[in-house]
Amino acid sequence: MFLGALIALLSAVPASAEECDGDLPARVNCWTKGLDGRGITVIVDQELPFRGTLGVGMADQLRNLEVRVPEVKATGQGGTALLVLAGHRYIHPKARITRLTTAQVGQLETAGACTPRLGDLCDELGGGTGAVSGTTLVGKYGIAALPKSEHSLAGDEGSDLGSRDWLLIGMCALLAVLLAALLLAVRRTHRPLALATAAPARGIQEPERTTRLRVVPHGRAATPRPGPSRAAVVRTDLHPQGYVELDRVLYRAVWAEPGQVPPPPGSRVDVADAPEAESDVLYAFPPAAGRHAHAR
C-alpha cells in the first residue's frame with residue numbers, strides 16, 4: 001500500500017524539459033509514456049529545438065500535458081510548439097516565446113493543435129522572427145499566468161525546488177516514517193515466546209534449560225501432605241503461589257505450610273498433586289529428611 005502511494009506521488013513530479021532527449025516527438029513520447037490518464041508537468045526552462053515531424057492528431061493525446069514557461073530569454077521553437085500542443089498552459093509574464101516558421105505552424109495544424117478554441121494563437125506565434133512576450137499571450141489569449149511564487153521552478157533564487165517539490169519531499173518523508181513504524185510493530189509482534197514469558201521468573205539462573213511452561217489456575221487452599229511426593233526446585237517466590245521446576249518443566253505450585261516462611265528461589269521442596277482431581281496446581285512442602293534444602 002505504501003509503495004503504491006509512493007509511485008503515485010512520483011508520477012506527478014514536474015519534469016524539466018531537458019530530462020528527455022531526442023527530437024520533439026520523441027521527447028513528447030518520453031514525457032507522456034505510461035501516463036494512463038494521469039497528468040504530467042513539463043517546465044520549459046531552456047531553449048528546446050523543433051526537430052522531427054509531429055504525428056496526426058498528436059494534440060488529442062496531450063490533453064493531460066501541462067506546460068509551464070517560467071521567465072526565460074527564449075523557449076526555442078520546440079518549446080513554443082510544446083506550449084501550443086499542451087492541454088494546460090502557464091506562462092510567466094516576462095517569458096519570451098520564440099516564434100515558429102510557417103512550416104512548423106503547418107505541422108501543428110496537422111497535429112490538431114490549432115483549433116478554433118485557441119483563436120489566432122498559431123498565427124500570432126508563426127510567420128515572423130524574434131519572440132512574443134508572455135504578457136501578450138496572457139492578456140490576448142487568456143492563457144493562465146504563472147504565479148510569481150512558482151518562479152523558483154526555473155531556479156530564480158538559486159534553488160531548483162519549488163512548492164510542489166517540497167510537498168513531494170514532505171509526503172515521501174511521512175511515508176518513510178509510517179513504513180518504519182509498521183516494520184517496528186511487526187517485529188514486536190513476532191518476539192519469541194521465551195522472551196515474553198521469562199521475565200517473571202526472576203530467580204532462574206539458566207532460563208534456557210526450561211523447555212516449556214504450563215499455566216494453571218490460581219487459588220487453592222493448603223492441605224496436609226497427601227500421598228507420595230517428588231523433589232522439585234523453587235524457581236519463583238511462593239507468595240503463596242509461584243513456580244517450581246520439575247523434570248525441566250515449570251509448574252505452578254502453592255506453599256502448603258502457611259505457618260512457615262516459604263523457601264526462597266533455588267531451594268528444594270517436595271511437591272505433591274492436589275487432592276482435587278481437576279486441579280493442576282501442585283502443593284509444595286518442606287523437603288523430607290535427608291534431602292538437601294538448596295539446589296544450584
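Student: Why is Glu-245 called buried?

Tutor: Glu-245 has a relative accessibility of 14%. Buried means under 20% relative accessible area, exposed means over 50%, and partly exposed lies in between (1.4 Å probe, protein chains only), so Glu-245 counts as buried. Before we go on, this is a predicted model in which local features need pLDDT of at least 70 and side-chain atom pairs count only at pLDDT 80 or more, while totals for chains, interfaces and linings use all residues. Residues are numbered from 1 along each chain as its sequence is written, and side-chain values use heavy atoms, leaving out hydrogens and water.

Student: What makes Glu-245 and Arg-235 a salt bridge?

Tutor: The N to O distance between their side chains is 2.7 Å. The rule asks for a side-chain nitrogen of Lys or Arg within 4 Å of a carboxyl oxygen of Asp or Glu, so this pair qualifies. Glu-245 is in strand E10 (residues 241-246) and Arg-235 in the loop between strand E9 (230-234) and E10, so the pair links distant parts of the chain, 10 residues apart. Strands are DSSP runs (E) of at least two residues and helices are runs (H or I) of at least four, numbered from the N terminus. Arg-235, at 13%, is buried too.

Student: How do you know that the side chains of Arg-235 and Glu-245 also make a polar contact?

Tutor: Their distance is 2.7 Å. A polar contact is a pair of N or O atoms within 3.5 Å; within protein, one atom must be able to donate a hydrogen and the other to accept it, and residues adjacent in sequence count only if both atoms are side-chain atoms.

Student: What makes Cys-114 and Cys-122 a disulfide?

Tutor: Their sulfur atoms are 1.9 Å apart. The cut-off for a pair of cysteine sulfur atoms is 2.5 Å, so the pair is within it. A search of the whole structure finds 1 disulfide. The link of Cys-114 and Cys-122 is left-handed, with -95° about the S-S bond. Cys-122 is buried at 7%, while Cys-114 is partly exposed at 25%.

Student: Which residues does Thr-80 touch, and is Thr-80 buried or exposed?

Tutor: Thr-80 lies in helix H3 (residues 76-85) and is buried, at 0%. Contact means heavy atoms within 4.5 Å. Leaving aside residues up to four places away in sequence, Thr-80 touches Thr-75, Ile-97, Thr-98, Leu-100 and Leu-125. A polar atom of the Thr-80 side chain lies 2.6 Å from the backbone oxygen of Thr-98.

Student: What makes Leu-167, Met-171, Leu-174 and Leu-178 a nonpolar surface patch?

Tutor: Patches are made of residues with over 30% relative accessible area and no salt bridge; nonpolar side chains (Val, Leu, Ile, Met, Phe, Trp, Tyr) are joined within 5 Å, and like charges within 9 Å. These four make a patch of about 370 Å², with areas from the Shrake-Rupley method, a 1.4 Å probe and, for residues, only the protein chains shown as cover.
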